[in-house]
Amino acid sequence: MPASADSKYRPETRLVHAGTLRSQFGETSEALFLTQGYVYDTALTAEKRFKNEEPGYQYSRFSNPTVTMFEQRMAALEGAEAARATATGMAAVTTALMGQLRAGDHVVASKALFGSCRYVVEDHCPRYGIASTLIDGTDLDQWRKAVRPNTKTFFLESPTNPTLEVIDIKAVAEIAHDAGATLVVDNVFSTPLYQHPLELGADCIVYSATKHIDGQGRCLGGVILASEKFINDHVQTLIRQTGPSISPFNAWVLLKGLETLAVRVQRQTDTAATVAVALAEHPKIPRLIYPGRPDHPQAEIAHKQMRAGSTLVAFEVEGGKAGAFRFQDALKLIRISNNLGDAKSLITHPATTTHQRLTPAARAELGISDGLVRLSLGLEHPDDICEDIMTALEAV
Ligand SMILES: Cc1ncc(COP(=O)(O)O)c(C=O)c1O
């Protein structure tokens, strides 16, 4: 299907067909081009490719047909002009931020970030003379007040990891643009199906494709999506020259993962909503956070900018850390793991794993209490998941 034809199809159809490059053999399933490099018919062709005077591939650090298919499919899904895949989600985040920033610049970010993203903003940027300010992303005034004359970019994730806070992307994009800055959104928790940050005014989206896009725990990957200009100005050269590149094999796995994304995410979201209902009234669950519910702290914004809730639920188990540990250890089907978006239901205790690097005060500020767990729903039968949770809660 030519890229220009994709936009008339619904997301589920684009996930299966968009970006396909069929070889001369007419294969049904997308081909895996496991090649480092390419040969040129003539020396003149090689010269022209290197001068960008002729289209074609040169070297898989920065271009490969399987990777192109994955990038094109993601771009068609997000309505982005361009996409570049990376080896991991963190490579996507670091490239999207560091590609724009120079010594003397300033970055503003919501403090509710995945631990490694927070490290990039809080520790890595300052090492290169880039100042950073972390704020409460749900408070629009804090974004406005954090702006300095040298502010170049804003960074946020929504819903946030692990407390599933929802940030008003459209409003933050407006504040960023008024300040002459860009907005980069980590869209992992909403998946490419439930929220389109570019439509809401963001300049760049980053994904850990390791999560729902693979969705079966096999390989890591990341994607950066933006306008052609953003990619050319900030991303393309950095990837080409420094090499945070994805392997064609991983791009192929992720490409095939996209074909089933809509079905998986729909099922995981339905199960998450069912679990949220079951936990909402449970006497051993003092706090439940689910963006699809009216009692979510930012329910109105979630309703406005997201097409559906989430494949994850966060909740506090009675008894603090001891209660959360007893609960996790009593689970039989749901496995303890820091990953998410997988076919297998996975549970995490953020205070001792993904967010253990933060001080207790910083965790308290983010609502990451010692009793909080984050549950990523998988593809098991919802009744089996609910039974596992209810039985485990008896051990608390
Ligand atoms: C919100 C968020 N952003 C980025 C990442 C980093 O992705 P990766 O593990 O693929 O580097 C993760 C997960 O680990 C995440 O949860």
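**Rings, charges and a tucked-in serine**

The charged end of arginine 240 sits over the ring of phenylalanine 62, 3.9 Å from its centre (CZ of Arg or NZ of Lys within 6 Å of the ring centre and within 35 degrees of the ring normal). This is a predicted model, where local features need pLDDT of at least 70, side-chain atom pairs count only at pLDDT 80 or more, and totals for chains, interfaces and linings use all residues. Residues are numbered from 1 along each chain as its sequence is written, and side-chain values use heavy atoms, leaving out hydrogens and water.

**Aromatic pairs**
- The whole structure has five aromatic pairs (ring centres of Phe, Tyr or Trp, the last by its six-membered ring, within 6.5 Å; planes under 30 degrees apart are stacked, over 60 edge-to-face, the rest tilted).
- Tyrosine 59 and phenylalanine 62 have ring centres 6.4 Å apart and planes at 55°, so this pair is tilted.
- Phenylalanine 62 is buried at 15% relative accessibility, while tyrosine 59 is partly exposed at 38% (buried is under 20% relative accessible area, exposed over 50%, partly exposed in between, with a 1.4 Å probe and protein chains only).

**Serine 60**
- Serine 60 is buried, with a relative accessible area of 13%.
- Its side chain reaches the backbone oxygen of threonine 35 at 2.6 Å.

**Salt bridges**
- A search turns up 19 salt bridges across the whole structure (a side-chain nitrogen of Lys or Arg within 4 Å of a carboxyl oxygen of Asp or Glu).
- Glutamate 54 forms one with arginine 49, the closest N and O atoms being 3.4 Å apart; arginine 49 is buried at 15%, glutamate 54 partly exposed at 26%.

Technical notes:
Polar contact = N/O pair within 3.5 Å; in protein donor to acceptor, adjacent residues only side chain to side chain.
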